[in-house]
Structures are given as C-alpha cells and as structure tokens.
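I opened the model to look up a few residues, the ligand shell and the overall fold. My notes follow in the order I made them.

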Amino acid sequence: MIIGAPNVGKSTLVNYVVGTKVSIVSPKVQTTRSKVLGINISDNCQLILVDTPGIFAPKRRLDRAMVHSAWGGTEDSDLILLLVDSKRGVDSETQGIINNLKQFDKERKIFLVLNKVDLIQKDKLLNLTEKLSKTEIFKKIFMISAKNGDGIDDLLDEINLLIPEGPWLFPEDQISDMPLRLLAAEITREKLYLKLHQELPYSTVVETEEWQEKKDGSIRIEQTIFVERESQRSIVLGKGGKMIKSIGLESRTEFSKMVEVPVHLFLFVKVREKWGDNPIHYSNRGLKFNV
Ligand SMILES: Nc1nc2c(ncn2[C@@H]2O[C@H](COP(=O)(O)OP(=O)(O)O)[C@@H](O)[C@H]2O)c(=O)[nH]1
Ligand SMILES: [Mg+2]
C-alpha cells in the first residue's frame, strides 16, 4: 500500500510499475480520489500495489472520504510504502502521517521511499534521509524517481523478497481492478485537471452514463461532467465549445489507445449544485459517504 501527502508521486509510481496508466496523474493536489489497484508480475511474483488519495487535513465531505479511504486497509497490507517528495521534504502533511505511523506496532513493515530524486542534490537528500531515519519506524529507505524509473528495480527486488507466498489473487492478464467505465471517466477527469486552471477541477466529477459496444468493435461512450455552478459550466465548455472539444479529443485518443479499439466519446456538462453531498458519486468508487 502506497501512502503519502498529496502530489508526492504515488500514482506515478504505480503507473510506472504496472507499465501503463491505471491511476491518473496531474501536477495538482488531490488528483486521486479513491483507492486504485495496480498489478505487476515479475518472475513468479504477483505484486498488488494500492494507490491511495493523498493524506491531508480534510475539509469537505469528499476530502474526508478520500483521506478515510487512504488509511483504510493499511492494517491488512503486507507492506506500507510511505512516499515523500524529497524536494519538498517533511512538510506538515508528511509529519502528520509519520506521527500516525508511529502508533503502529513495531513489527509492521514500513518502507520509506524518497521520490523525485531527479529534482534534488545529493547532499540535501542525505540530510533528509538522516532526519527521517531517526524516526526509527522504517525497515528500509529507498531513493527513487517515479518519473524516470531510477531506483525502482531495487525497490521491487526488496518488496518481492518479503511478500508472502500464496495463490495469485488476480488473473495473470489483469492490471487493475477498476471497471473500464470508471477508468474512462477517470481519464476524462485527468484532462480536466490538466486543462482547467486553479480550483475548478475540484468542483467537478465525471460519470460514464452510457457504454455501448458496437458490432464493428468500437465503443460509444457518453459521459457527464458535473459542476457546481453555471459559471463553471461556461468555463468547462469554453468559447464556442473549444475547451470541451479539446478535453474530449484528448480523453478519447488516450482511452482508445488503452482499449485498442476505436472510441466515440460524447461529453455533456451539467450543473449539479452540491454534487459532493450526493452519495451516488461515492459508492461506485468504493468511498464511504459518512466519515
Ligand atoms: N520530477 C519528478 N516529478 C514527479 C516524479 N514523480 C511524480 N512527479 C510529478 O509530480 C506530480 C504529482 O504526481 P502524482 O503521481 O499525481 O502524485 P500523487 O498525488 O502522489 O499521486 C505530477 O506532475 C508528476 O508528474 C518524479 O520522480 N520526478
Ligand atoms: Mg495520485
């Protein structure tokens, strides 16, 4: 299970290890909203990585559900990877997580993974490592770049040494547990995060509402982007529909590549005030509504 503050690179790491995008990534915090499994097979070992939403001090209902989801299951996991952005160091969010982890029993396996080492000088990295090893909660410390793959082989070797023996939990060809309808909605949401400025993406949720597999092998998908206010709807649509067109084009192109069939994607934008208080948007992502 991979946990950490928002934006430290958790989803990037999972995608790198799986070898394809199973969890969406953006430079904005809180891109990941629920748990996502990424599955990797090397040698004889099926490794199930659990990507989680970043842990921070939650305000909205959705934020609380996200943070709750991130901590949930840490007890059952064979190993916890705490990911830290080595450039940012130990900020209040990471410190909060460390304080929580200190309450775990000493037998728990926790690895510290310092990510984004491509952005930081060696001496600074060593200082950070020293500081963090004093917490005495980590069995091992790794330095990686989830972006370019540095250090990930070593990390995987160590993980493979200690995961328990047992039957594989998923079929050999499976790389995630996310239904395709939801993955398609996630890809569109990623484009919203990449293209819309500032806070607007946090006010959006995407649902796949129609999914039709045609005789010619192509898929016809209808998705609705819900926003909270009329003014946000205009921004998502853009001048003359330019923005929504470009979001649709990028989402369709990427998703079509992933499923390896032609995709016809139709996007609609609707105002749904306080969608964050509607349980519908929680249950299909495994999020708890009341936490
Ligand atoms: N330079 C650099 N950027 C990274 C690295 N890992 C992730 N990022 C970037 O950090 C941002 C947040 O990554 P993401 O995986 O969404 O973080 P998450 O919120 O922890 O899942 C994205 O813009 C990534 O491209 C890394 O190793 N090096
Ligand atoms: Mg993420």
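**L156.** I counted 16 C-beta neighbours inside 10 Å for L156, so it is partly exposed. The cut-offs I used: a residue is buried with 20 or more other C-beta atoms within 10 Å of its own, exposed with 12 or fewer, and partly exposed in between, with C-beta atoms placed from the backbone. L156 sits in helix 5, residues 152-162. Helices (H or I, at least four residues) and strands (E, at least two) are DSSP runs, numbered from the N terminus. Leaving out residues up to four places away in sequence, L156 touches V17 and S42. Contact means C-beta atoms, placed from the backbone, within 7 Å. V17 is 139 residues from L156 along the chain, yet their C-alpha atoms are separated by 8.6 Å.

**Ground rules.** This is a predicted model: local features need pLDDT of at least 70, side-chain atom pairs count only at pLDDT 80 or more, and totals for chains, interfaces and linings use all residues. Residues are numbered from 1 along each chain as its sequence is written, while chains are lettered from A and ligands numbered from 1 in the order in which they are written.

**Whole chain.** I find nine helices and nine strands. The radius of gyration is 20 Å, close to the 19 Å of the globule rule for 291 residues, so the chain is as compact as a globular protein of that length. That radius is taken over C-alpha atoms, and the rule is 2.2 Å times the number of residues to the power 0.38. Along the principal axes, the C-alpha atoms fill a box of roughly 55 × 40 × 40 Å. Buried residues make up 34% of the 291. Of the contacts between residues at least 6 apart in sequence, 66% join residues at least 24 apart.

**Ligand 1.** Which residues are closest to ligand 1? They are G9, K10, S11, T12 and K147, out of 21 that surround it. A residue counts as near if its C-beta atom, placed from the backbone, lies within 6 Å of the molecule. Helix 1 (residues 10-18) gives the most to this shell, with three residues. I sorted the shell into six nonpolar, eleven polar and four charged residues. Here Ala, Val, Leu, Ile, Met, Phe, Trp, Tyr, Cys and Pro are nonpolar, Asp, Glu, Lys and Arg are charged, and the others, Gly among them, are polar.

**G4.** G4 is in strand 1, residues 2-4. With 23 C-beta neighbours inside 10 Å, G4 is buried. Beyond four places in sequence, G4 touches K10, G54, I55, L82, L83, V84 and I97. T188 is another matter: 184 residues along the chain from G4, with 24 Å between their C-alpha atoms.

**Cores.** The largest nonpolar core has 41 residues, and I2, I3, V14, L82, L83, V113 and L114 touch the most other members. A core is a set of buried Ala, Val, Leu, Ile, Met, Phe, Trp, Tyr and Cys residues joined through C-beta atoms within 7 Å. Apart from that core lies another, of 19 residues, including V25, L196, I221 and I225. I then listed the partners of L114 beyond four places in sequence: V84, S86, L125, L128, T129, F142 and M143.

**A70.** A70 lies in helix 2, residues 61-71. Buried or exposed? A70 is buried, with 26 C-beta neighbours inside 10 Å. Its contacts beyond four places in sequence are I3, T52, P53 and I55. A57 is 13 residues from A70 in sequence and 12 Å away, C-alpha to C-alpha.

**Helix 6.** The 16 residues of helix 6 (180-195) should span 22 Å at 1.5 Å a residue, and the end C-alpha atoms are 23 Å apart, which agrees. The expected span is 1.5 Å times one less than the number of residues. Buried in helix 6 are A184, A185, E186, I187, T188, R189, E190, K191 and L192. Their cover includes strand 7 (205-213), strand 8 (219-227), helix 8 and strand 9.

**Positive phi.** Most residues other than glycine have a negative phi. E260, not a glycine, has a positive phi of about 60 degrees. E260 is in the loop between helix 8 (242-259) and strand 9 (263-271). E260 is exposed, with 7 other C-beta atoms within 10 Å. K274, also not a glycine, has a positive phi of about 55 degrees. K274 is in the loop between strand 9 and helix 9 (280-283). K274 has 8 C-beta neighbours inside 10 Å and counts as exposed.

Technical notes:
Contact = placed C-beta atoms within 7 Å.
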